[in-house]
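Thanks, everyone, for making the time. I would like to go through one structure with you this morning, so please have the sequence and the coordinates open as I talk.

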Amino acid sequence: MRKEEKLEIIEAISAQLQETPNFYITDISGLNAGQTSKLRRQCFEQGIKLCVVKNTLFHKVVAQLENPEIELIYPALEGPTAIMFAEAPNAAAKLIKKCHENGMEKPVLKAAYVQECAFVGADKLDELCAIKSREELIADIVALLQSPARNVISALQSAGGTIAGLVKTLSEKE
């Protein structure tokens, strides 16, 4: 591969990282053409971009980020590597888990860099699936903010009903 081609690839990967900063380093080696096509289709449907890269080129791109946390993923850049870029922090993890539940052994999670945190190893898959997206966190915050108001309103309504019932009962006794 010529130096110009390598520079083009590095620039393309850098642009992709700026567009979608969440990425998963996976191993998809051993998948046949049908399985690879199915995986790519599922990635497309989930808004995940899947690309196979050379480890040295990806290492150069990641080193440019100058983030000490990202250095933890360097050992995962060994052997066959495919990168999954995703907007939603847990989309790729859920896709990988779904593939495993459907009987596919691959893709295997090697590492991930999600929301400026590094996760190394396939054992982190459940932890990555549990990460909430920005929209889910906002919905949780809104629900938490609304719950005290709901409790007060329901207490007032039930107390009002009790007081009205008590007054009615007392007025009927006379």
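Let me begin with R2, which is exposed at a relative accessible area of 52%, where exposed is a value over 50%, buried is one under 20%, and partly exposed lies in between, with a 1.4 Å probe and protein chains only. Its partner E4 is partly exposed, with a relative accessible area of 45%, and the two side chains meet in a salt bridge at 3.3 Å, N to O. By salt bridge I mean a side-chain nitrogen of Lys or Arg within 4 Å of a carboxyl oxygen of Asp or Glu.

Residues are numbered from 1 along each chain as its sequence is written, and side-chain values use heavy atoms, with hydrogens and water left out.

The pLDDT is the predictor's confidence in each residue, from 0 to 100, and the chain averages 86, with 91% of the residues scoring at least 70. Confidence is lowest in helix α6, residues 134-173, at a mean of 73, and highest in β3, at 94. Where pLDDT is low, the predicted coordinates should not be read in detail.

Returning to the charged pairs, a search of the whole structure finds 4 salt bridges. One of them joins the side chains of K97 and D126 at 2.8 Å, N to O, and this pair links distant parts of the chain, since K97 lies in helix α4 and D126 in helix α5, 29 residues apart. K97 is partly exposed at a relative accessible area of 29%, and D126 is partly exposed at 49%. Another salt bridge is formed by D140 and K132, at 2.5 Å, N to O; D140 has a relative accessible area of 32% and K132 one of 38%, and K132 too counts as partly exposed.

Now to the sheet. The helices (H or I, at least four residues) and strands (E, at least two) that I name are DSSP runs, numbered from the N terminus, and two strands pair if DSSP finds at least two bridges between them. In what order do the 5 strands of the open sheet lie? The order is β2-β3-β1-β4-β5, with antiparallel pairing. β2 and β5 stand at the edges, each with a single partner strand, so one side of each is left without a neighbour in the sheet. The twist averages 20° from one strand to the next, with angles taken from 0 to 180 degrees between the N-to-C directions of axes fitted to C-alpha atoms, for helices over the stretch in contact.

Strand β1, residues 22-27, pairs with β3 over 5 antiparallel bridges, and Y24 has M84 in β3 as its bridge partner. On its other pairing, β1 is joined to β4 by 5 bridges, again antiparallel, with D27 bridged to V108 of β4. Strand β4, residues 108-114, pairs in turn with β5, residues 117-120, over 4 antiparallel bridges, and here Y113 stands opposite A118, while V114 has C117 as its bridge partner. The hairpin of β4 and β5 has 2 residues between the strands, and Q115 takes a positive phi near 50°. Because 6 of its 7 residues are buried, β4 is largely enclosed by the rest of the structure.

What packs on this sheet, touching β1, β2, β3 and β4? Helix α4 does, and its direction makes about 125° with that of β3, contact here meaning heavy atoms within 4.5 Å. Within α4, the residues A91, A92, A93, L95, I96 and C99 are buried, and what covers them includes β1, α2, β2, β3, β4 and α5.

That leads to the nonpolar core, a set of buried Ala, Val, Leu, Ile, Met, Phe, Trp, Tyr and Cys residues joined through side-chain atoms within 4.5 Å. The largest has 25 residues, of which Y24, L39, I48, M84 and L128 touch the most other members. To this core α4 gives the most, with 6 residues. A second, separate core of 20 residues includes F23, I70, A76 and L77.

Definitions and conventions. This is a predicted model: local features need pLDDT of at least 70, side-chain atom pairs count only at pLDDT 80 or more; totals for chains, interfaces and linings use all residues.
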